[in-house]
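Hello,

Here is the structure for your files. My notes follow it.

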Amino acid sequence: MTKKVVVHQIVGHRFLGVNEQGDKVMIDGDQPSTGPRPMELLLMVDIMRKKKQPLARYRVEVEGERAETHPKRYTRITVTHIASGPGVTLEALERAVHLSHTKYCSVSATLNAEITTRVVLEPWEGEEEEG
């Protein structure tokens, strides 16, 4: 099963997310805030601004494939960053996307994390059982 969400930059750090059913959510990093704050979207805008290549238009399209059986986790996710602005170079945008996904985005790190288990046996501090 594939799902898709498109996130459009409205202005500054304010975005509108729309899913396939047309449901909308305001995502916001401006003050005063009108919606939740997504780390990755805000980060891309900030990285490009710091590179002296501010984005005039920016949107993110996220498409994910889910497993057919429970827990129906996402098995594959494609994030497409679409941006434009005066003087914005492909190289700078690619670098910003790379940094956003690999270094700064906790969501991306969590989805890509290897899951391990750990068992700790603490010393028994009670009385010995008679047997």
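A polar contact here is a pair of N or O atoms within 3.5 Å; within protein, one must be able to donate a hydrogen and the other to accept it, and residues adjacent in sequence count only if both atoms are side-chain atoms. The model is predicted, so local features need pLDDT of at least 70 and side-chain atom pairs pLDDT 80 or more, while totals for chains, interfaces and linings use all residues. Residues are numbered from 1 along each chain as its sequence is written, and side-chain values use heavy atoms, without hydrogens or water.

Gln9 first. The side chain of Gln9 reaches the backbone oxygen of Gly12 at 2.8 Å. Gln9 sits in strand β1 (residues 2-11); strands are DSSP runs of E, at least two residues, and helices are runs of H or I, at least four, numbered from the N terminus. Gln9 is buried, with a relative accessible area of 15% (buried is under 20%, exposed over 50%, 1.4 Å probe, protein chains only). Beyond its neighbours within four places in sequence, Gln9 contacts (heavy atoms within 4.5 Å) residues including Phe15, Val45 and Tyr58.

Last, α2. Ala92, Leu93, Ala96, Val97, Leu99 and Ser100 are buried. On the other side, Leu90, Glu91, Thr102 and Lys103 are exposed.

Regards
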